Amino acid sequence: MKIHRQFPAAPSPDSRGRAAAFALSAAVMLIPANLLPVLSMDLPGELRTDTIFSGIVALCDQGLWPLALIVFTASFLVPVLKLGGLGWLLFATRRPVGEGALGLTKLYVTLDFIGRWSMLDVFLVAFLSGTVRFGALATVRPQPGIVAFAAAVVFTMLATDAFDPRAIWSSHSQSTEEITA
Amino acid sequence: MTQPASAKVTRASRLPIVWLVPLVALAIGGWLIFRELHSRGTEITIAFTTASGVEAGKTNLVHQGVPVGEVTQVIVKKDLSGAEVTLRLNKEAEAFARADAEFWIVRPEVTFSGVRGLETLIGGVQLNGRPGSGPPAKEFVGREHPPVAEDPSQGRAFLLRADKLGSLSAGAPVYYREVKVGAVETSRLADDATEALIRIRVYTPYIDLVRANTVFWNAGGAAFKVNLLGAQLKSTSLEALFSGGISFATPEGKDGLAPVAPDGASFALHDEAEKDWLKWKPRIPIKPIDSEPGRQPRASDLPAALKPN
(Lines give C-alpha, C1' and ligand atoms only; values in the text may rest on other atoms or scores of the structure.)
Protein backbone atom coordinates (compact mmCIF):
# COMPACT_ATOMS: atom_id res chain seq x y z
CA MET A 1 0.00 0.00 0.00
CA LYS A 2 1.05 3.44 -0.95
CA ILE A 3 0.88 4.90 2.53
CA HIS A 4 3.81 2.81 3.66
CA ARG A 5 6.01 3.78 0.73
CA GLN A 6 8.90 6.17 1.09
CA PHE A 7 8.02 9.63 -0.15
CA PRO A 8 9.98 12.76 -0.78
CA ALA A 9 9.83 15.17 2.11
CA ALA A 10 6.74 17.03 0.98
CA PRO A 11 3.75 15.83 -1.11
CA SER A 12 4.04 16.89 -4.72
CA PRO A 13 1.95 20.04 -5.08
CA ASP A 14 0.23 18.90 -8.30
CA SER A 15 -0.70 15.40 -7.06
CA ARG A 16 -4.32 16.44 -6.75
CA GLY A 17 -4.33 18.02 -10.19
CA ARG A 18 -2.89 14.91 -11.83
CA ALA A 19 -5.38 12.71 -10.00
CA ALA A 20 -8.22 14.96 -11.16
CA ALA A 21 -7.01 14.80 -14.76
CA PHE A 22 -6.92 11.00 -14.69
CA ALA A 23 -10.30 10.81 -12.96
CA LEU A 24 -11.81 13.03 -15.63
CA SER A 25 -10.28 10.84 -18.36
CA ALA A 26 -11.78 7.78 -16.68
CA ALA A 27 -15.20 9.44 -16.57
CA VAL A 28 -14.94 10.31 -20.26
CA MET A 29 -13.95 6.76 -21.18
CA LEU A 30 -16.82 5.25 -19.19
CA ILE A 31 -19.29 6.75 -21.67
CA PRO A 32 -18.17 4.78 -24.77
CA ALA A 33 -17.48 1.79 -22.49
CA ASN A 34 -21.15 1.61 -21.57
CA LEU A 35 -22.62 2.69 -24.91
CA LEU A 36 -20.59 0.54 -27.29
CA PRO A 37 -20.74 -3.25 -27.59
CA VAL A 38 -18.03 -5.05 -25.65
CA LEU A 39 -18.22 -8.41 -27.36
CA SER A 40 -19.99 -10.21 -30.17
CA MET A 41 -20.89 -13.87 -30.37
CA ASP A 42 -21.42 -15.79 -33.60
CA LEU A 43 -23.79 -18.58 -32.69
CA PRO A 44 -25.68 -20.76 -35.15
CA GLY A 45 -28.66 -18.72 -36.26
CA GLU A 46 -27.67 -15.68 -34.28
CA LEU A 47 -25.12 -12.92 -34.18
CA ARG A 48 -25.21 -11.44 -30.68
CA THR A 49 -23.59 -8.12 -29.97
CA ASP A 50 -23.66 -7.17 -26.32
CA THR A 51 -22.97 -4.00 -24.46
CA ILE A 52 -22.18 -4.32 -20.74
CA PHE A 53 -25.76 -3.52 -19.85
CA SER A 54 -27.43 -5.79 -22.43
CA GLY A 55 -25.16 -8.59 -21.21
CA ILE A 56 -26.40 -8.12 -17.65
CA VAL A 57 -30.01 -8.12 -18.86
CA ALA A 58 -29.37 -11.30 -20.88
CA LEU A 59 -27.90 -13.04 -17.81
CA CYS A 60 -30.98 -12.07 -15.77
CA ASP A 61 -33.26 -13.35 -18.54
CA GLN A 62 -31.59 -16.73 -18.39
CA GLY A 63 -32.13 -16.90 -14.64
CA LEU A 64 -28.44 -16.48 -13.87
CA TRP A 65 -29.08 -13.54 -11.57
CA PRO A 66 -26.20 -14.25 -9.11
CA LEU A 67 -23.84 -14.02 -12.08
CA ALA A 68 -25.66 -10.93 -13.29
CA LEU A 69 -25.17 -9.39 -9.86
CA ILE A 70 -21.43 -10.06 -9.97
CA VAL A 71 -21.07 -8.59 -13.46
CA PHE A 72 -23.21 -5.59 -12.50
CA THR A 73 -21.09 -4.97 -9.42
CA ALA A 74 -17.75 -5.45 -11.15
CA SER A 75 -18.45 -3.59 -14.35
CA PHE A 76 -20.91 -0.90 -13.43
CA LEU A 77 -21.15 -0.30 -9.69
CA VAL A 78 -17.44 -0.45 -8.86
CA PRO A 79 -16.17 1.93 -11.58
CA VAL A 80 -18.95 4.41 -10.85
CA LEU A 81 -18.49 4.28 -7.06
CA LYS A 82 -14.76 4.51 -7.50
CA LEU A 83 -15.03 7.59 -9.63
CA GLY A 84 -17.51 9.06 -7.18
CA GLY A 85 -15.14 8.32 -4.28
CA LEU A 86 -12.21 9.87 -6.13
CA GLY A 87 -14.28 12.92 -6.92
CA TRP A 88 -15.27 13.29 -3.29
CA LEU A 89 -11.67 12.85 -2.15
CA LEU A 90 -10.43 15.51 -4.56
CA PHE A 91 -13.27 17.85 -3.69
CA ALA A 92 -12.81 17.45 0.07
CA THR A 93 -9.06 18.14 -0.03
CA ARG A 94 -9.57 21.44 -1.81
CA ARG A 95 -9.64 23.01 1.62
CA PRO A 96 -8.10 21.87 4.88
CA VAL A 97 -10.13 18.86 5.97
CA GLY A 98 -9.86 19.06 9.74
CA GLU A 99 -11.58 16.20 11.55
CA GLY A 100 -12.55 14.29 8.34
CA ALA A 101 -8.94 13.34 7.56
CA LEU A 102 -9.13 9.83 9.03
CA GLY A 103 -12.32 8.99 7.09
CA LEU A 104 -10.84 10.27 3.83
CA THR A 105 -7.71 8.17 4.36
CA LYS A 106 -9.84 5.07 4.81
CA LEU A 107 -11.72 5.98 1.60
CA TYR A 108 -8.43 6.31 -0.23
CA VAL A 109 -7.22 2.90 1.01
CA THR A 110 -10.49 1.30 -0.12
CA LEU A 111 -10.30 2.91 -3.58
CA ASP A 112 -6.73 1.75 -4.02
CA PHE A 113 -7.70 -1.79 -3.01
CA ILE A 114 -10.74 -2.28 -5.26
CA GLY A 115 -9.08 -0.76 -8.32
CA ARG A 116 -7.62 -3.95 -9.71
CA TRP A 117 -10.85 -5.93 -9.32
CA SER A 118 -12.71 -3.98 -11.98
CA MET A 119 -10.78 -5.69 -14.76
CA LEU A 120 -13.10 -8.72 -14.55
CA ASP A 121 -14.88 -7.83 -17.81
CA VAL A 122 -11.71 -7.24 -19.71
CA PHE A 123 -10.33 -10.53 -18.47
CA LEU A 124 -13.57 -12.33 -19.39
CA VAL A 125 -13.66 -10.93 -22.93
CA ALA A 126 -9.98 -11.63 -23.50
CA PHE A 127 -10.45 -15.17 -22.22
CA LEU A 128 -13.56 -15.88 -24.33
CA SER A 129 -12.08 -14.34 -27.48
CA GLY A 130 -9.00 -16.47 -27.11
CA THR A 131 -10.75 -19.76 -26.40
CA VAL A 132 -14.13 -19.72 -28.15
CA ARG A 133 -13.12 -20.06 -31.78
CA PHE A 134 -15.14 -22.97 -33.10
CA GLY A 135 -15.70 -21.57 -36.58
CA ALA A 136 -19.29 -22.14 -37.65
CA LEU A 137 -20.41 -23.28 -34.18
CA ALA A 138 -19.42 -20.33 -32.05
CA THR A 139 -16.95 -17.49 -32.26
CA VAL A 140 -16.50 -14.69 -29.76
CA ARG A 141 -14.91 -11.44 -30.84
CA PRO A 142 -14.00 -8.37 -28.78
CA GLN A 143 -15.68 -5.10 -29.72
CA PRO A 144 -14.43 -1.49 -29.28
CA GLY A 145 -16.38 -0.95 -26.03
CA ILE A 146 -14.07 -3.25 -24.07
CA VAL A 147 -11.05 -1.11 -25.02
CA ALA A 148 -12.81 1.97 -23.68
CA PHE A 149 -13.74 0.03 -20.53
CA ALA A 150 -10.15 -1.12 -19.97
CA ALA A 151 -8.97 2.45 -20.52
CA ALA A 152 -11.49 3.74 -17.95
CA VAL A 153 -10.30 1.21 -15.35
CA VAL A 154 -6.65 2.01 -16.04
CA PHE A 155 -7.38 5.73 -15.69
CA THR A 156 -9.07 5.24 -12.30
CA MET A 157 -6.03 3.24 -11.16
CA LEU A 158 -3.71 5.98 -12.42
CA ALA A 159 -5.84 8.54 -10.60
CA THR A 160 -5.65 6.77 -7.24
CA ASP A 161 -1.94 6.25 -7.89
CA ALA A 162 -1.36 9.92 -8.67
CA PHE A 163 -3.21 11.07 -5.59
CA ASP A 164 -0.80 11.51 -2.70
CA PRO A 165 -2.67 10.57 0.49
CA ARG A 166 -0.46 12.92 2.49
CA ALA A 167 -2.36 15.77 0.86
CA ILE A 168 -5.17 14.84 3.24
CA TRP A 169 -2.93 15.10 6.24
CA SER A 170 -0.90 18.07 5.10
CA SER A 171 -4.04 20.06 4.71
CA HIS A 172 -5.12 18.64 8.06
CA SER A 173 -1.91 19.76 9.76
CA GLN A 174 -2.17 23.08 7.97
CA SER A 175 -5.58 23.55 9.45
CA THR A 176 -4.31 22.66 12.95
CA GLU A 177 -1.47 25.11 12.45
CA GLU A 178 -4.01 27.71 11.51
CA ILE A 179 -6.06 26.86 14.56
CA THR A 180 -3.06 27.12 16.87
CA ALA A 181 -1.84 30.27 15.17
CA MET B 1 -1.79 33.79 7.39
CA THR B 2 1.13 35.59 5.72
CA GLN B 3 2.64 32.93 3.40
CA PRO B 4 -0.23 31.24 1.41
CA ALA B 5 -0.57 34.13 -1.06
CA SER B 6 2.92 33.64 -2.54
CA ALA B 7 2.42 29.83 -2.61
CA LYS B 8 -0.71 30.23 -4.74
CA VAL B 9 1.13 32.14 -7.43
CA THR B 10 3.61 29.36 -8.20
CA ARG B 11 0.93 26.68 -8.26
CA ALA B 12 -1.47 28.33 -10.68
CA SER B 13 1.21 29.63 -13.04
CA ARG B 14 0.70 26.95 -15.76
CA LEU B 15 -1.64 24.12 -16.62
CA PRO B 16 0.14 20.80 -15.97
CA ILE B 17 0.77 18.69 -19.06
CA VAL B 18 -1.25 15.86 -17.48
CA TRP B 19 -4.44 17.70 -18.46
CA LEU B 20 -3.75 16.61 -22.03
CA VAL B 21 -4.79 13.11 -20.96
CA PRO B 22 -8.51 13.89 -20.51
CA LEU B 23 -8.47 15.78 -23.81
CA VAL B 24 -6.99 12.78 -25.61
CA ALA B 25 -9.49 10.50 -23.84
CA LEU B 26 -12.31 12.77 -24.98
CA ALA B 27 -11.06 12.70 -28.55
CA ILE B 28 -10.66 8.92 -28.63
CA GLY B 29 -13.98 8.27 -26.87
CA GLY B 30 -15.79 10.66 -29.19
CA TRP B 31 -14.19 9.06 -32.21
CA LEU B 32 -15.17 5.55 -31.03
CA ILE B 33 -18.80 6.56 -30.57
CA PHE B 34 -18.89 8.50 -33.83
CA ARG B 35 -17.43 5.56 -35.76
CA GLU B 36 -19.96 3.18 -34.26
CA LEU B 37 -22.93 5.42 -34.95
CA HIS B 38 -21.69 6.27 -38.41
CA SER B 39 -21.16 2.70 -39.57
CA ARG B 40 -24.39 1.47 -38.04
CA GLY B 41 -27.20 1.41 -40.57
CA THR B 42 -30.85 0.79 -39.98
CA GLU B 43 -32.04 -2.58 -38.73
CA ILE B 44 -35.05 -4.06 -40.48
CA THR B 45 -37.00 -7.30 -40.10
CA ILE B 46 -38.40 -9.30 -42.98
CA ALA B 47 -40.97 -12.05 -42.55
CA PHE B 48 -40.63 -15.12 -44.76
CA THR B 49 -42.67 -18.29 -44.77
CA THR B 50 -39.41 -20.19 -44.78
CA ALA B 51 -35.87 -18.98 -44.22
CA SER B 52 -34.05 -22.19 -45.00
CA GLY B 53 -30.41 -21.52 -45.75
CA VAL B 54 -30.43 -18.01 -44.27
CA GLU B 55 -27.72 -17.72 -41.62
CA ALA B 56 -27.05 -14.90 -39.20
CA GLY B 57 -23.67 -13.31 -39.79
CA LYS B 58 -23.20 -15.09 -43.12
CA THR B 59 -26.13 -14.29 -45.39
CA ASN B 60 -25.95 -10.88 -47.01
CA LEU B 61 -28.36 -8.63 -48.76
CA VAL B 62 -26.82 -8.32 -52.20
CA HIS B 63 -27.70 -5.52 -54.57
CA GLN B 64 -26.16 -5.37 -58.05
CA GLY B 65 -23.67 -7.97 -56.90
CA VAL B 66 -22.49 -5.92 -53.90
CA PRO B 67 -23.32 -6.87 -50.30
CA VAL B 68 -25.20 -3.97 -48.71
CA GLY B 69 -26.49 -5.54 -45.51
CA GLU B 70 -25.95 -8.45 -43.15
CA VAL B 71 -28.41 -10.81 -41.51
CA THR B 72 -28.01 -10.52 -37.74
CA GLN B 73 -30.78 -12.79 -36.53
CA VAL B 74 -33.03 -15.53 -37.86
CA ILE B 75 -35.87 -16.59 -35.58
CA VAL B 76 -39.16 -18.37 -35.97
CA LYS B 77 -42.24 -16.18 -35.57
CA LYS B 78 -44.03 -16.28 -32.22
CA ASP B 79 -47.02 -18.09 -33.73
CA LEU B 80 -44.68 -20.49 -35.59
CA SER B 81 -46.21 -19.49 -38.92
CA GLY B 82 -42.97 -18.41 -40.52
CA ALA B 83 -39.51 -17.03 -40.04
CA GLU B 84 -38.34 -13.54 -39.21
CA VAL B 85 -35.02 -12.34 -40.57
CA THR B 86 -33.35 -9.33 -38.98
CA LEU B 87 -31.05 -7.44 -41.29
CA ARG B 88 -28.63 -4.63 -40.59
CA LEU B 89 -28.28 -2.41 -43.61
CA ASN B 90 -25.11 -0.59 -44.52
CA LYS B 91 -25.24 3.17 -44.29
CA GLU B 92 -25.39 3.64 -48.05
CA ALA B 93 -28.28 1.20 -48.46
CA GLU B 94 -30.87 3.22 -46.53
CA ALA B 95 -33.20 3.10 -49.54
CA PHE B 96 -34.00 -0.50 -48.59
CA ALA B 97 -35.61 0.67 -45.34
CA ARG B 98 -38.50 2.30 -47.12
CA ALA B 99 -42.13 1.26 -47.27
CA ASP B 100 -42.35 -0.25 -50.75
CA ALA B 101 -39.00 -2.05 -50.78
CA GLU B 102 -39.17 -5.74 -51.64
CA PHE B 103 -37.03 -8.65 -50.51
CA TRP B 104 -36.68 -12.21 -51.64
CA ILE B 105 -34.35 -15.14 -51.04
CA VAL B 106 -32.20 -16.25 -53.97
CA ARG B 107 -31.71 -19.98 -54.15
CA PRO B 108 -30.20 -21.96 -57.00
CA GLU B 109 -32.95 -22.67 -59.49
CA VAL B 110 -32.76 -24.95 -62.49
CA THR B 111 -35.67 -24.86 -64.89
CA PHE B 112 -36.08 -25.74 -68.54
CA SER B 113 -35.86 -22.10 -69.43
CA GLY B 114 -32.59 -21.50 -67.61
CA VAL B 115 -30.41 -21.67 -64.54
CA ARG B 116 -30.61 -18.90 -61.97
CA GLY B 117 -28.76 -18.06 -58.78
CA LEU B 118 -25.96 -20.49 -59.57
CA GLU B 119 -23.51 -18.58 -57.32
CA THR B 120 -25.71 -19.38 -54.33
CA LEU B 121 -25.12 -23.09 -54.89
CA ILE B 122 -21.70 -22.82 -53.25
CA GLY B 123 -21.80 -19.54 -51.33
CA GLY B 124 -25.11 -20.20 -49.58
CA VAL B 125 -28.33 -18.35 -50.18
CA GLN B 126 -28.50 -14.61 -50.68
CA LEU B 127 -31.10 -12.02 -50.00
CA ASN B 128 -31.94 -9.77 -52.88
CA GLY B 129 -34.13 -6.75 -52.79
CA ARG B 130 -35.47 -3.81 -54.61
CA PRO B 131 -35.10 -0.47 -52.85
CA GLY B 132 -38.24 1.47 -52.13
CA SER B 133 -39.08 5.13 -52.29
CA GLY B 134 -41.89 5.42 -49.73
CA PRO B 135 -41.66 6.61 -46.12
CA PRO B 136 -39.05 4.92 -43.86
CA ALA B 137 -40.17 1.50 -42.61
CA LYS B 138 -38.65 -1.31 -40.54
CA GLU B 139 -40.98 -4.28 -41.02
CA PHE B 140 -41.35 -6.07 -44.31
CA VAL B 141 -42.94 -9.19 -45.72
CA GLY B 142 -40.58 -11.05 -48.01
CA ARG B 143 -41.60 -12.25 -51.46
CA GLU B 144 -41.87 -15.93 -52.17
CA HIS B 145 -40.45 -15.59 -55.66
CA PRO B 146 -38.17 -13.06 -57.23
CA PRO B 147 -40.16 -10.43 -59.08
CA VAL B 148 -39.92 -10.53 -62.85
CA ALA B 149 -37.66 -7.98 -64.40
CA GLU B 150 -39.78 -4.96 -65.10
CA ASP B 151 -37.75 -2.66 -67.25
CA PRO B 152 -40.04 -0.82 -69.62
CA SER B 153 -37.11 0.03 -71.88
CA GLN B 154 -36.63 -3.68 -72.57
CA GLY B 155 -39.35 -4.45 -75.04
CA ARG B 156 -43.05 -4.20 -74.43
CA ALA B 157 -45.39 -6.09 -72.12
CA PHE B 158 -48.74 -7.52 -73.19
CA LEU B 159 -51.53 -9.23 -71.30
CA LEU B 160 -52.98 -12.47 -72.57
CA ARG B 161 -56.25 -13.92 -71.36
CA ALA B 162 -56.66 -17.67 -71.58
CA ASP B 163 -59.28 -20.19 -70.50
CA LYS B 164 -56.59 -22.20 -68.82
CA LEU B 165 -52.91 -21.65 -68.15
CA GLY B 166 -51.83 -24.87 -69.81
CA SER B 167 -48.21 -25.70 -69.15
CA LEU B 168 -46.99 -22.09 -69.33
CA SER B 169 -44.53 -21.06 -66.66
CA ALA B 170 -42.53 -17.89 -66.04
CA GLY B 171 -39.70 -17.64 -68.52
CA ALA B 172 -41.47 -19.73 -71.18
CA PRO B 173 -40.62 -18.53 -74.69
CA VAL B 174 -42.77 -16.43 -77.00
CA TYR B 175 -42.31 -17.31 -80.67
CA TYR B 176 -42.86 -15.61 -83.96
CA ARG B 177 -42.30 -18.05 -86.83
CA GLU B 178 -40.67 -20.28 -84.23
CA VAL B 179 -38.04 -17.61 -83.52
CA LYS B 180 -37.90 -16.68 -79.86
CA VAL B 181 -38.88 -13.02 -79.62
CA GLY B 182 -40.02 -12.74 -76.01
CA ALA B 183 -40.83 -14.56 -72.79
CA VAL B 184 -43.65 -15.17 -70.34
CA GLU B 185 -43.13 -12.97 -67.28
CA THR B 186 -45.83 -13.95 -64.85
CA SER B 187 -49.26 -15.44 -64.68
CA ARG B 188 -52.17 -15.34 -62.30
CA LEU B 189 -55.88 -16.01 -62.04
CA ALA B 190 -58.18 -13.16 -63.07
CA ASP B 191 -59.89 -11.32 -60.22
CA ASP B 192 -63.20 -13.08 -60.92
CA ALA B 193 -61.46 -16.44 -61.52
CA THR B 194 -62.99 -16.85 -64.99
CA GLU B 195 -59.70 -16.59 -66.86
CA ALA B 196 -56.00 -17.06 -66.48
CA LEU B 197 -54.02 -13.87 -67.06
CA ILE B 198 -50.53 -14.17 -68.54
CA ARG B 199 -48.12 -11.30 -68.93
CA ILE B 200 -45.56 -11.65 -71.69
CA ARG B 201 -42.76 -9.37 -72.79
CA VAL B 202 -41.73 -9.03 -76.40
CA TYR B 203 -38.14 -7.86 -76.76
CA THR B 204 -37.27 -4.49 -78.25
CA PRO B 205 -36.29 -5.53 -81.80
CA TYR B 206 -39.59 -7.33 -82.29
CA ILE B 207 -42.18 -5.04 -80.75
CA ASP B 208 -43.43 -3.91 -84.14
CA LEU B 209 -44.56 -7.45 -84.89
CA VAL B 210 -47.39 -7.17 -82.38
CA ARG B 211 -50.26 -5.26 -83.96
CA ALA B 212 -53.77 -4.51 -82.78
CA ASN B 213 -55.12 -7.53 -84.64
CA THR B 214 -52.36 -10.00 -83.77
CA VAL B 215 -53.51 -13.44 -82.64
CA PHE B 216 -51.79 -15.47 -79.93
CA TRP B 217 -52.02 -19.18 -79.36
CA ASN B 218 -50.58 -21.69 -77.00
CA ALA B 219 -47.66 -23.43 -78.67
CA GLY B 220 -46.57 -25.37 -75.65
CA GLY B 221 -46.65 -29.03 -74.88
CA ALA B 222 -46.86 -31.53 -77.65
CA ALA B 223 -49.67 -32.45 -79.96
CA PHE B 224 -49.85 -36.17 -80.47
CA LYS B 225 -52.14 -37.24 -83.23
CA VAL B 226 -52.97 -40.77 -84.25
CA ASN B 227 -55.05 -41.48 -87.31
CA LEU B 228 -55.30 -44.13 -89.98
CA LEU B 229 -52.22 -42.86 -91.75
CA GLY B 230 -49.95 -43.01 -88.71
CA ALA B 231 -48.92 -41.14 -85.59
CA GLN B 232 -47.64 -37.56 -85.53
CA LEU B 233 -45.86 -35.77 -82.69
CA LYS B 234 -45.74 -32.02 -82.98
CA SER B 235 -43.92 -29.53 -80.78
CA THR B 236 -42.48 -26.09 -81.44
CA SER B 237 -39.23 -26.75 -79.63
CA LEU B 238 -37.83 -28.90 -76.90
CA GLU B 239 -37.95 -25.94 -74.53
CA ALA B 240 -41.61 -25.31 -75.37
CA LEU B 241 -42.32 -28.99 -74.85
CA PHE B 242 -41.41 -28.69 -71.18
CA SER B 243 -42.03 -25.13 -70.08
CA GLY B 244 -44.81 -24.29 -72.51
CA GLY B 245 -44.70 -21.52 -75.08
CA ILE B 246 -46.74 -18.96 -76.92
CA SER B 247 -46.76 -18.19 -80.63
CA PHE B 248 -48.32 -15.28 -82.39
CA ALA B 249 -49.01 -14.18 -85.93
CA THR B 250 -50.07 -10.89 -87.44
CA PRO B 251 -52.41 -10.68 -90.44
CA GLU B 252 -51.67 -8.49 -93.43
CA GLY B 253 -55.07 -6.87 -93.55
CA LYS B 254 -56.83 -5.40 -96.56
CA ASP B 255 -55.59 -1.85 -96.24
CA GLY B 256 -52.12 -2.33 -94.78
CA LEU B 257 -50.98 -3.35 -91.30
CA ALA B 258 -52.97 -2.57 -88.20
CA PRO B 259 -51.37 -0.07 -85.78
CA VAL B 260 -48.67 -1.33 -83.46
CA ALA B 261 -50.11 -2.57 -80.16
CA PRO B 262 -49.30 -0.26 -77.22
CA ASP B 263 -47.56 -1.35 -74.05
CA GLY B 264 -49.96 -3.30 -71.84
CA ALA B 265 -52.41 -4.16 -74.62
CA SER B 266 -54.53 -7.21 -73.91
CA PHE B 267 -55.20 -10.18 -76.24
CA ALA B 268 -57.00 -13.49 -76.09
CA LEU B 269 -54.80 -16.58 -75.99
CA HIS B 270 -56.19 -19.32 -78.25
CA ASP B 271 -55.68 -22.98 -77.56
CA GLU B 272 -54.27 -23.63 -81.00
CA ALA B 273 -53.60 -21.92 -84.28
CA GLU B 274 -56.10 -21.92 -87.07
CA LYS B 275 -54.73 -23.14 -90.37
CA ASP B 276 -54.68 -19.80 -92.18
CA TRP B 277 -52.89 -17.99 -89.31
CA LEU B 278 -49.83 -19.95 -90.19
CA LYS B 279 -50.01 -18.71 -93.78
CA TRP B 280 -49.96 -15.00 -92.90
CA LYS B 281 -46.81 -13.36 -94.18
CA PRO B 282 -46.92 -9.60 -93.63
CA ARG B 283 -43.81 -7.58 -94.31
CA ILE B 284 -42.91 -5.86 -91.05
CA PRO B 285 -39.50 -4.18 -90.74
CA ILE B 286 -38.03 -5.09 -87.35
CA LYS B 287 -35.45 -3.11 -85.46
CA PRO B 288 -31.84 -4.13 -85.97
CA ILE B 289 -31.09 -7.24 -83.95
CA ASP B 290 -28.11 -5.59 -82.24
CA SER B 291 -30.09 -2.63 -80.88
CA GLU B 292 -29.33 -2.65 -77.20
CA PRO B 293 -32.23 -3.72 -75.05
CA GLY B 294 -31.40 -1.16 -72.36
CA ARG B 295 -31.20 1.77 -74.74
CA GLN B 296 -34.18 4.03 -75.01
CA PRO B 297 -35.36 4.03 -78.62
CA ARG B 298 -34.60 7.28 -80.37
CA ALA B 299 -37.44 9.19 -81.98
CA SER B 300 -36.20 8.11 -85.39
CA ASP B 301 -36.31 4.46 -84.25
CA LEU B 302 -39.92 4.66 -83.20
CA PRO B 303 -42.52 3.04 -85.41
CA ALA B 304 -44.88 5.49 -87.02
CA ALA B 305 -47.74 4.63 -84.68
CA LEU B 306 -45.70 5.60 -81.58
CA LYS B 307 -44.29 8.85 -82.93
CA PRO B 308 -45.58 11.90 -81.12
CA ASN B 309 -47.77 14.11 -83.27
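Of the 309 residues of chain B, 26% count as buried, a residue being buried if 20 or more other C-beta atoms, placed from the backbone, lie within 10 Å of its own. The model is predicted: local features need pLDDT of at least 70, side-chain atom pairs count only at pLDDT 80 or more, and totals for chains, interfaces and linings use all residues. Residues are numbered from 1 along each chain as its sequence is written, while chains are lettered from A and ligands numbered from 1 in the order in which they are written.

Chain B has 4 helices and 18 strands; helices (H or I, at least four residues) and strands (E, at least two) are DSSP runs, numbered from the N terminus. Among the contacts in chain B with a separation of 6 or more, 71% involve residues 24 or more positions apart. Two residues are in contact if their C-beta atoms, placed from the backbone, lie within 7 Å.

Seven strands of chain B form a closed barrel with mixed pairing, in the order S10-S13-S12-S11-S17-S14-S18. From one strand to the next, the twist averages 35°. Two strands pair if DSSP finds at least two bridges between them. Strand S11 (residues 173-176) of chain B runs antiparallel to strand S12 (residues 179-189) of chain B, and 4 bridges join them. Tyr176(B) stands opposite Val179(B) in S12(B).

The contact between the chains takes 21 residues from chain A and 17 residues from chain B. On the side of chain A that touches chain B, two or more residues each come from helix H1 (15-35), strand S2 (46-50) and helix H6 (144-162) of chain A. H1(A) gives the most, with 11 residues. That side of chain A divides into 14 nonpolar, 3 polar and 4 charged residues, where Ala, Val, Leu, Ile, Met, Phe, Trp, Tyr, Cys and Pro count as nonpolar, Asp, Glu, Lys and Arg as charged, and the others, Gly among them, as polar.

The axes of H1(A) and helix H2 (residues 20-39) of chain B come within 8 Å and cross at roughly 5°. These axes are lines fitted to C-alpha atoms over the stretch in contact, with angles from 0 to 180 degrees between N-to-C directions. H1(A) is therefore roughly parallel to H2(B), a term for angles under 35 degrees. The contact of H1(A) with H2(B) has 14 nonpolar, 2 polar and no charged residues. Residues of H1(A) that meet H2(B) include Phe22(A), Val28(A) and Leu35(A). Because 15 of its 21 residues are buried, H1(A) is largely enclosed by the rest of the structure.

Methods:
Parallel < 35°, antiparallel > 145°, perpendicular 65-115°, else oblique. Buried ≥ 20, exposed ≤ 12 C-beta atoms within 10 Å, placed from the backbone.
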